[in-house]
Amino acid sequence: MKTIDELLSEGVAGKRVFVRADLNVPLDGTTITDDGRIRAVLPTVKALAEAGARVVVASHLGRPKGAPDPAFSLAPAAARLGELLGTDVSFATDTVGDSAQGVVAGLADGQVAVVENLRFNAGETSKDDAERAAFADRLAALADVYVGDGFGAVHRKHASVYDLPARLPHYAGHLIATEVGVLKKLTDDVQRPYVVALGGAKVSDKLAVIDQLLGKADRLLIGGGMAYTFLKAKGYEVGISLLQEDQIPVVTEYLERAEKSGVEIVLPVDVLVASEFPDLRTKAPAHPTTVAADAIPADQEGLDIGPETRKLYASKLADAATVFWNGPMGVFEHPDYAEGTKAVAQALVDSKGFTVVGGGDSAAAVRTLGFDETAFGHISTGGGASLEYLEGKTLPGLAALED
């Protein structure tokens, strides 16, 4: 695929460049609680603006129902983008209508505009090819060139991600070029030992990537809510912990495959339990108890890995040449259940290997828990996209950028 460096060498002064970004930031009302995704697209937007392009930034935010919804407006993201760029950023109150057309027409060389949430238009996410194509045609009318830089959306077959690049000269932005380069290090040119830490709520979300990793990774460390399906598959009592009973046969098969192929699957040896889920709003003390992983009381719920597991996982990460981590080890949003996730993050910081934080909740945890982002080899902006790439799937947004 062609990259933004090639576009810049060809010259962009005076051209309208449509940048499909990922500004899908978490909001508390209109307050952005984590601007990481906005900062991730800055190198691309800055480079284009400094080269004299008229930059049109577009993104989705949340899951509106194909119609305008003020709760999902990109206005706060546009304002923050302007603050980070140190310049005024115009904002269109629609995506392809009169406001967008007027704002784009009013751009001078080197100026930047953001159009309203792409998903306020049903054509963006439609499964009907003709409806998506019609919306892509209207988006194409706003620009001369397309730059894909919304890595968090490249696994979606959406109009702005998949259909629009076919209508304009298209290039990969700095973020996508970086993300793809990192993922190739996890698939095509892996330095060993290769250790993968997987957490998060549902084991079903990770089955496909586990299936692929059983042939590539040396070690898999399992935590989070998904760990309890693994523990149940080994015959342990898991109490009222998160459990996907229907996935036990698949998990059992994976455990057997791992043993035969020499891949080490490491499960918690102790866990923090409580009789009820913690209050994440007030962060009231939860008073958890630590128990062995094979001794979870029937009326208790596992909510984080325990201190012995933290030490075990740190030791299993210590000699890694390559580490990929996706998914927290517990309910890290509550201080009483953050230590497991913190321990894995610290082990990555301490590692001498190439460390990748695979987006989503893992990236949020790194920031929430106060880690220096530069201490990691790479923090991905797309959890779902990263996982699907590692699963070996073709990602529509990347395929669309290929020539």
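**Notes on the predicted model**

1. Helices H2 and H3 pack with their axes 10 Å apart and at an angle of about 60°. H2 is therefore oblique to H3; angles under 35 degrees count as roughly parallel, over 145 as roughly antiparallel, 65 to 115 as roughly perpendicular and the rest as oblique. Axes here are lines fitted to C-alpha atoms, for helices over the stretch in contact, with angles running from 0 to 180 degrees between N-to-C directions. The crossing of H2 and H3 is right-handed, a term that applies if the near helix is turned clockwise from the far one by less than a right angle, left-handed being the anticlockwise case.

2. The structure is a predicted model, in which local features need pLDDT of at least 70 and side-chain atom pairs count only at pLDDT 80 or more, while totals for chains, interfaces and linings use all residues. Residues are numbered from 1 along each chain as its sequence is written, and side-chain values use heavy atoms, with hydrogens and water left out.

3. At the contact of H2 with H3, the residues Ile-38, Arg-39, Leu-42, Val-45 and Lys-46 of H2 meet Ala-77, Arg-80, Leu-81, Leu-84 and Leu-85 of H3; contact means heavy atoms within 4.5 Å. This contact comprises 7 nonpolar and 3 charged residues, with no polar ones. Ala, Val, Leu, Ile, Met, Phe, Trp, Tyr, Cys and Pro count as nonpolar, Asp, Glu, Lys and Arg as charged, and the others, Gly among them, as polar.

4. Helix H3 spans residues 75–85, and its buried residues include Pro-76, Ala-77, Ala-78, Leu-81, Gly-82 and Leu-85. Buried denotes under 20% relative accessible area, exposed over 50%, and partly exposed in between (1.4 Å probe, protein chains only). The cover over these residues includes helix H2 (36–50) and the strands E2 (27–28), E3 (31–32), E4 (54–58), E5 (89–91) and E6 (112–114). After H3 comes Gly-86, with a positive phi near 75°.

5. From H12, Arg-310, Ala-314 and Leu-317 meet Glu-339, Gly-340, Ala-343, Val-344, Ala-347 and Leu-348 of H13. By class, the residues of this contact are 6 nonpolar, 1 polar and 2 charged.

6. The protein contains 16 helices and 17 strands; helices (H or I, at least four residues) and strands (E, at least two) are DSSP runs, numbered from the N terminus. Its C-alpha trace spans about 65 × 45 × 40 Å along the principal axes. The radius of gyration is 22 Å, which agrees with the value near 22 Å for a compact globule of 403 residues; this radius is taken over C-alpha atoms, and the globule rule is 2.2 Å times the number of residues to the power 0.38. Of the 403 residues, 54% are buried. Among contacts between residues at least 6 apart in sequence, 76% join residues at least 24 apart.

7. Ile-305 belongs to strand E14 (residues 301–305). Is this residue buried or exposed? Ile-305 counts as buried because its relative accessibility is 1%. Beyond neighbours within four places in sequence, its contacts include Arg-310, Tyr-313 and Gly-340. Ile-305 and Leu-317 are 12 residues apart in sequence, with their C-alpha atoms 16 Å apart.

8. His-334 is located in the loop between strand E15 (322–326) and H13. At 0% relative accessibility, His-334 counts as buried. Setting aside neighbours within four places in sequence, His-334 is in contact with Pro-278, Asp-279, Leu-280, Lys-283, Ala-284, Pro-285 and Ala-286. His-334 and Asp-279 are separated by 55 residues in sequence and by 7.8 Å from C-alpha to C-alpha.

9. Lys-283, in the loop between strands E12 (270–274) and E13 (289–292), has a positive phi near 60° although it is not glycine; at 37% relative accessibility Lys-283 counts as partly exposed. His-287 lies in the loop between E12 and E13 and has a positive phi near 50°; at 66% relative accessibility His-287 counts as exposed. The peptide bond from Arg-192 to Pro-193 is cis, with omega near 5°, and Pro-193 is found in the loop between helix H8 (174–187) and strand E9 (194–198).
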